[in-house]
Amino acid sequence: MVATNVKAETMSLMDQRSALEAEMNAIIAHLSQPGAPGLSGNLIDSEGFPRSDIDIPVVRAERRRLAELRNDHNEITDKINQNIQILHSARLGTFKNSGNDDGSDSQTSSIFDTVGSTPSQNVLLRHSPNSMDVDVLVSRPFAMVDEIADASPAVEDGLQLGDQILKFGNVEAGDNLLQRLSSEAQSNRGRAVPVVIMRQGTVINLTVTPRTWQGRGLLGCHFRML
C-alpha cells in the first residue's frame, strides 16, 4: 500500500514537473526570439537608457517567473528522486524475500558474446525519470555487464563494465531470459535497440545496434544474469 501511494504521488509530481517545463519553455522561447533580450541580455542601450524596442516590465516579470519555475522544478525533481529510491528499495526487498536459496538466480550468460552501433552521444543521462520510466526504475536489474572488449560496439554504444540492465529492447526481468535476449538481439541485427541501465544509482537510456565487428559477437560484451 505504501509503495502504491508513493508511486501515485510520483506520477502526480511528474505531471506537475511537465507543466512547469512547458511554461519554462514558453518563456524561454519568448525571451529568445529575434530582437528579444534573451535570458540575461541588457535592458539598457549603449547610452545607458532603457531600451525602447522591448517591453522592459514584461521582460523582467518573465525572468522572475522563470527563476521561480526553476526553483520549483528543482524541488519537485528532488522529491521524485527520493520517491524513486523508496520504490526501488521496496521492490528489491520484495525480490530478496522471495528469492531462491539454491543460487539458481545467478546463472551466467554469454549470449552477448554472439550478439550492439550508434554513437555514444545517443546516451541520455536522466537525473530523474519521466512517467514512462517509473515501472522500469522500480524493476529488478536482471543482468550485469561483467566483461567488455576494447573498441567493441558495446563500448562505442556507451555500455560500461558494471552496468546493470533493467531493460533490453522488449526484454525485462522474467522467465527464459537467455532465449528472449538471444531472440531480441538476433531479430534486431542492424537496428537500434533501446536499453535502460542502472549505473551507480543513476538511470541511463541508450541504444545499441547488434552488428558484426572485428571481434567476437555483435556486441563484444558479456552479461551475467543476476
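Q: In this predicted model, which residue of strand 6 stands opposite isoleucine 197?
A: Isoleucine 197 faces isoleucine 204 in strand 6. Strand 5 and strand 6 run antiparallel and are joined by 7 bridges.

Q: How many residues lie between strand 5 and strand 6 in their hairpin?
A: The hairpin has 2 residues between the strands, and glutamine 200 in the turn has a positive phi of about 55 degrees.

Q: Is strand 6 mostly covered or mostly uncovered?
A: Strand 6 is mostly covered, with 5 of its 7 residues buried.

Q: Where do nonpolar side chains tend to be found in soluble globular proteins?
A: In soluble globular proteins, they tend to be buried together. Here, the largest nonpolar core holds 20 residues, and those touching the most other members are Phe142, Leu159, Ile165, Phe168, Val208 and Phe223. Among the elements giving two or more residues to this core are strand 5 (193–199), strand 6 (202–208) and helix 5 (177–187). Apart from it lies another core, of 17 residues, including Leu13 and Ile54.

Q: Why is phenylalanine 142 classed as buried?
A: Buried means under 20% relative accessible area, and phenylalanine 142 has a value of 2%, so it is classed as buried. Phenylalanine 142 lies in the loop between helix 3 (134–137) and strand 3.

Q: Which residues are in contact with phenylalanine 142, leaving aside its neighbours within four places in sequence?
A: Among them are Ile165, Phe168, Leu181 and Leu226. Leucine 226 is 84 residues apart from phenylalanine 142 along the chain, yet their C-alpha atoms are separated by 5.1 Å.

Note on methods
Residues numbered from 1 in each chain as written. Predicted model: local features only at pLDDT ≥ 70, side-chain atom pairs only at ≥ 80, totals over all residues. Heavy atoms only, no water. Core = buried A, V, L, I, M, F, W, Y, C linked by side-chain atoms within 4.5 Å. Buried < 20%, exposed > 50% of the residue type's maximum accessible area, 1.4 Å probe, protein only. Helix = DSSP H or I, 4+ residues; strand = E, 2+ residues; numbered from the N terminus. Contact = heavy atoms within 4.5 Å. Pairing = 2+ DSSP bridges.
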